[in-house]
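Take a look at the fold below.

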Amino acid sequence: MVSAWQTVPLPFNLFSGETPRKYLPATTPGGIAVFDYDGDGRLDLFFPNGADLPSARKTKPAQYNRLLRNMGNLRFEDRTAEAGLAGTGYDIAAAVGDYDGDGRIDLLVCGVRGVTLYRNRSNAGFADVTAKSGIDNKGRWAVGAAWVDIDNDGDLDLFIVNYVRWDPAKERQCLVDGKPDFCHPRFYESQPNALFRNNGDGTFTDISASSGIEAHKGKGMAAGIADFDQDGLADIFVTNDRTFNFLFHNLGGGRFAEVAFDRGVAAPLNGDPPSSMGVDAQDFDNDGKPDLIYSALRDETFPLYRNQGREFEEVTSKSKLDLLTRPMAGWGIAFADLDNDGWKDIAVARSGVLSATGSRGSTQPEPVSWLRNLVGKSFSSTAALPGFAAMNRGLVAADLNGDGCLDLVVTALNAPARVLRNPCTGNWLSVDVSGPGARVRVGTNWRHVTSTVGYASSCACPLHFGLGSQAEVAVEVFWSDGRKKTMLNVKANQTLKVTAP
């Protein structure tokens, strides 16, 4: 019987392409996609990978992206070649979703020179349909993306998170304590994000300008998707690196208004924009409204925002997260009930942004942390996770072996990806519901359907609910178009598949 968290190495090594010149992209890779690509009921893993710098082109197998098929019992087999997913450029992030409604999960890969859309053809592997789809990120550096139904028409539209303008010919020489290191984001030009509407026929229309998204330039790092004000339309929160965050409020009709200052999430209470990194949007206090958490660097804390219905209250200090996270630097972050007690904890992949070979290299690696949710009021630290430090980047929480415990998939620069196997106890329920944006209540616990999580990562996974000692619960599902389904006396410790009435 497993009684403690275990580390399971994976057959993938994240290649950063770092050189003595310290080109900026080398500090940013490490996304993860978790999805059942072959429909066998087990969650598989995809890892985007880096490439040579400054060319941003892959030149050897060690730089290939990797697709790992879940063979059961945390055993994984490399299926990259037969799936056609090795890639050619410097890739950073992945986003998964069934954009064409054929029942198979598709894959978008984001990189330094743009994005690639792969259509899942089941046993025939994946086909690069980027050109055919009409998705063109105009060569911009994409560090993330989100599949989101902006107009409730039942198909997935695409939001792309763009970082900064990077020209290797103009890369500065930056020194930290007299040694070359990665430059501060202030030395790079901001970029607009992009939005593409799904035409329903396998193609997309760029509505970045008409939607109002393109008017706002930032240094995007990640996106959190939720209907924050519960008006029936999905909104988009974007973390920006050392500039004010964005909250794009969905006005309907393909239009968005940027309201981060009005809603209180543009920056922490001190007014100083931190190095906002990965983000997750879920309900941490079980009041039915999706909240926000994002990671940042040391001395900046990880800001936590409680959703009050329209505006947000920053509760970083009130929740004790200021003291817990001030010594931390973080990238991937997720709300996840790791102990099945019915309250969503916070898992974070930690490390600094400077080079591990620079003057401050010894201080950059950090461990993965679990911050335990104390009944929605505050958080406490736990030493339960394997404690070795690394240059951690991506993190996804998912039940990879079907035992009812959320495991953690983690990447780290120039190191093997790994699974942290969770030995949790307590009852649980997994709810597999179709419909982007659908809200699910299990007892008093809420989650909503989104595949976007953390930094550069995505999880097309069933929704996980810890039940503690409860043996059965009531389940309610609310779809964005107003449909609802109620199920009473649902037995614990199973995966419940729910379709709309």
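A residue counts as buried when its relative accessible area is under 20%, as exposed when that area is over 50%, and as partly exposed in between. Keep that scale in mind for what follows. The model is predicted.

**Backbone exceptions**

Start with R242. Its relative accessibility is 31%, so R242 counts as partly exposed. R242 sits in the loop between β20 (235-240) and β21 (246-252). Its phi is near 60 degrees, a positive value in a residue other than glycine.

N286 also has a positive phi, of about 60 degrees, and is not a glycine. Is N286 buried or exposed? Its relative accessibility is 14%, so N286 counts as buried. The loop that holds N286 runs between β23 (279-282) and β24 (291-294).

One more backbone feature is a cis peptide bond, which joins L53 and P54. Omega there is about 15 degrees. P54 belongs to the loop between β3 (44-47) and β4 (66-72).

**Nonpolar cores**

In soluble globular proteins, nonpolar side chains tend to be buried together. Here, the largest nonpolar core has 60 residues. Which of them have the most contacts inside this core? They are I92, W141, W147, F159 and I160. Strand β10 (residues 142-148) gives the most to this core, with 6 residues. A second core is separate and has 38 residues. L10, F76, L408 and C461 are among its members.

**Empty space**

Rolling a probe the size of a water molecule over the atoms shows where empty space is left. Two such spaces can be set side by side.

| Space | Volume | Lining by class |
|---|---|---|
| Second largest pocket | about 490 Å³ | 15 nonpolar, 4 polar and 6 charged residues |
| Largest cavity | about 70 Å³ | 10 nonpolar, 4 polar and no charged residues |

Take the pocket first. The second largest pocket is lined by 25 residues. Of these, C183, H184, P185, L297 and V353 are the closest to its centre. Its lining includes 6 charged residues.

Now the cavity. The count comes to 1 cavity of 30 Å³ or more. The largest cavity is lined by 14 residues, and the closest to its centre are G144, A145, A223, T452 and A456. Its lining has no charged residues. Which strands each supply at least two residues of this lining? They are β6 (91-97), β10, β19 (220-226) and β37 (452-453). β19 gives the most, with 3 residues.

**A four-strand sheet**

Strands of a sheet pair through backbone hydrogen bonds, either parallel or antiparallel. In this model, 4 strands form an open sheet in the order β6-β7-β8-β9. The pairing is antiparallel. Where are the edges of this sheet? The edge strands are β6 and β9 (126-128), and each pairs on one side only. From one strand to the next, the twist averages 25 degrees.

Look at one end of the sheet. Strand β8 (residues 114-120) is joined to β9 by 3 bridges, and the two run antiparallel.

Definitions and conventions:
Residues numbered from 1 in each chain as written. Predicted model: local features only at pLDDT ≥ 70, side-chain atom pairs only at ≥ 80, totals over all residues. Heavy atoms only, no water. Core = buried A, V, L, I, M, F, W, Y, C linked by side-chain atoms within 4.5 Å. Buried < 20%, exposed > 50% of the residue type's maximum accessible area, 1.4 Å probe, protein only. 1 Å grid on protein atoms, 1.4 Å probe; cavity = no way out; pocket = protein on both sides within 12 Å on 5 of 7 lines; lining within 4 Å. Points joined across faces, edges and corners; volume = space filled by probe spheres on them. Nonpolar A, V, L, I, M, F, W, Y, C, P; charged D, E, K, R; others polar. Pairing = 2+ DSSP bridges. Axes fitted to C-alpha atoms, helices over the stretch in contact; angles between N-to-C directions.
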